[in-house]
Amino acid sequence: MKTDARAVAQPVNPPSRATVIPLQVTPKIAPRPARLRPLLQRTIPAAGGLLLLLLVWQLAALAEPAFPSPYLTWQAAQTLFADPFYSNGPNDQGIGWNVLASLQRVAIGFGLAALVGIPAGFLLGRFTFLARMGNPVIALLRPVSPLAWLPIGLLLFQRAEPAASWTIFICSIWPMIINTAEGVQRIPQDYLNVARVLQLSEWTVMRRILLPAVLPAVLTGVRLSIGIAWLVIVAAEMLTGGLGIGFWIWNEWNNLNVANILIAILIIGVVGLLLEQGLMLLVRRFSWEK
């Protein structure tokens, strides 16, 4: 018993202290933001395409001495855009005034085409009788060349200004009519059956059912029409004369100023791109397709 008491009374040795071993932590490199990868995938091919265009341009300038190189065109552009809104009379105005004049004609002809074409597309898509009556007319007139309508406009209006707007109107109206009519025809029949059961008026059906469902198709037709309108105005102004980017190109050709012609071509492309991209934003805004 004494032995056991002494054994119990003996103090217990305290545990030895644990040794702290520092860990070698290698800091992780922050991953590249995922947003940069799609951006690079878009910009790198686009930059390559532009460089290829400049290369072909330079080769064309080397093959033909009269054809200006990209550097000479850049120098001419600096002189041209130094004062784009000068005015030395009705036949000598800056490139800025010519672009604005062309945009004004496009706005008039395109606006009239939208006012007529979109309601006409609704009617053709809504009523079978009207569709059967209008489809042959559209199929006959739509393939006609835009410049073929210009003499008709000169005959009807006796002036070059409304004749150019008339040409834009008659050429840009067809995509609006066709896309709007097809959009109306693709509406599910169940929607119209519900409207018939509720005895809704035709105006209510148009406003509450057809318009919201057809709006993406309408905007697609509008986007196609604005591209056609911008293409047509350049050719129409070459023939009608006056203030405008088309006449300005023709006038520079008569002066054998090819560098300014190339600058005008680039301006036409940039303006057309901006118009189309702006309408594409509207299409995406009102489209429900994912």
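This is a predicted model: local features need pLDDT of at least 70, side-chain atom pairs count only at pLDDT 80 or more; totals for chains, interfaces and linings use all residues.
Guide: Residues are numbered from 1 along each chain as its sequence is written, and side-chain values use heavy atoms, leaving out hydrogens and water.

Visitor: Why are α9 and α11 called roughly antiparallel?

Guide: Helix α9 (residues 202–240) and helix α11 (residues 258–285) pack at about 170°, with axes 9 Å apart. Angles over 145 degrees count as roughly antiparallel, and therefore α9 and α11 are described that way.

Visitor: Which residues of α9 meet α11?

Guide: Contact means heavy atoms within 4.5 Å. Among the α9 residues that meet α11 are Leu219, Ile226 and Trp230, and the α11 side includes Ile268, Leu275 and Glu276. The residues of this contact divide into twelve nonpolar, two polar and two charged.

Visitor: What makes Glu237 buried?

Guide: Buried means under 20% relative accessible area (exposed is over 50%, partly exposed in between; 1.4 Å probe, protein chains only). Glu237 has 1%, so Glu237 is buried. Glu237 lies in helix α9.

Visitor: What joins the side chains of Glu237 and Arg105?

Guide: A polar contact of 2.5 Å joins them. The term requires a pair of N or O atoms within 3.5 Å; within protein, one must be able to donate a hydrogen and the other to accept it, and residues adjacent in sequence count only if both atoms are side-chain atoms.

Visitor: Is Ser69 buried or exposed?

Guide: Ser69 has a relative accessible area of 13%, so Ser69 is buried. Ser69 lies in the loop between α2 (36–63) and α3 (70–80).

Key
Axes are lines fitted to C-alpha atoms, for helices over the stretch in contact, and angles run from 0 to 180 degrees between N-to-C directions. Helices (H or I, at least four residues) and strands (E, at least two) are DSSP runs, numbered from the N terminus. Angles under 35 degrees count as roughly parallel, over 145 as roughly antiparallel, 65 to 115 as roughly perpendicular and the rest as oblique. Ala, Val, Leu, Ile, Met, Phe, Trp, Tyr, Cys and Pro count as nonpolar, Asp, Glu, Lys and Arg as charged, and the others, Gly among them, as polar.
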